[in-house]
Amino acid sequence: SAPAATAVPTVPVKSSAPKKFASTVSGGSRYAIQVVSYRQPQLAKRELDRLQAVGEQAFLVTRKGFTVLCVGPFPSKDNAKEKLVQLKNRYQGCFLKTL
């Protein structure tokens, strides 16, 4: 009989891939809105939960000691810009970014 396969531990992937690489992997240009960044991950998680509770598609990225809250991804830049206008009412410093 064949030996049992051993489980390989998964390692979290940091979001430090070059933008060109990330866009080819995601199947074309994709856009997101960086809403706010926090030094304290629990604050980011609380705001993530709040956004998801109102139906936003939100996610967190850890970068350079900060936890960054983003909304998206959006299939087009125009879709992202429409959402950006809405989010600026609550998050003045939010901006569009390419994934």
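Student: Why is cysteine 94 called buried?
Tutor: Cysteine 94 has a relative accessible area of 2%. Buried means under 20%, exposed over 50% and partly exposed in between, with a 1.4 Å probe and protein chains only. Cysteine 94 is therefore buried. This is a predicted model, in which local features need pLDDT of at least 70 and side-chain atom pairs count only at pLDDT 80 or more, while totals for chains, interfaces and linings use all residues. Residues are numbered from 1 along each chain as its sequence is written, and side-chain values use heavy atoms, with hydrogens and water left out.

Student: What makes cysteine 70 buried?
Tutor: Its relative accessible area is 1%, so the term buried applies to cysteine 70.

Student: How many disulfides are there?
Tutor: The count is 0, where a disulfide is a pair of cysteine sulfur atoms within 2.5 Å.

Student: How do you know what span helix 2 should have?
Tutor: Helices (H or I, at least four residues) and strands (E, at least two) are DSSP runs, numbered from the N terminus. The expected span is 1.5 Å times one less than the number of residues. For the 13 residues of helix 2 that gives 18 Å, and the end C-alpha atoms are 18 Å apart, so the two agree.

Student: Which residues of helix 2 are buried, and what do they pack against?
Tutor: Ala44, Glu47, Leu48 and Leu51 are buried. Their directions from the helix axis to the C-beta atoms define an arc. That arc is within 110°, so these residues line one face of helix 2. They pack against strand 1, strand 2 and strand 3, contact being heavy atoms within 4.5 Å. Arg46 and Ala53, on the face turned away, are exposed.

Student: What makes strand 2 and strand 3 a pair?
Tutor: Pairing requires that DSSP find at least two bridges between two strands. Strand 2 (residues 58-63) and strand 3 are joined by 6 bridges and run antiparallel. One of the bridge partners is phenylalanine 66 in strand 3, for arginine 63. The two strands form a hairpin with 2 residues between them, and lysine 64 in the turn has a positive phi of about 50°.

Student: Which members of the largest nonpolar core touch the most others?
Tutor: Ile33, Val35, Val71 and Leu87 do, out of 14 residues. Such a core is a set of buried Ala, Val, Leu, Ile, Met, Phe, Trp, Tyr and Cys residues joined through side-chain atoms within 4.5 Å. Leucine 87 touches Ile33, Val35, Val71 and Cys94, not counting residues up to four places away in sequence.
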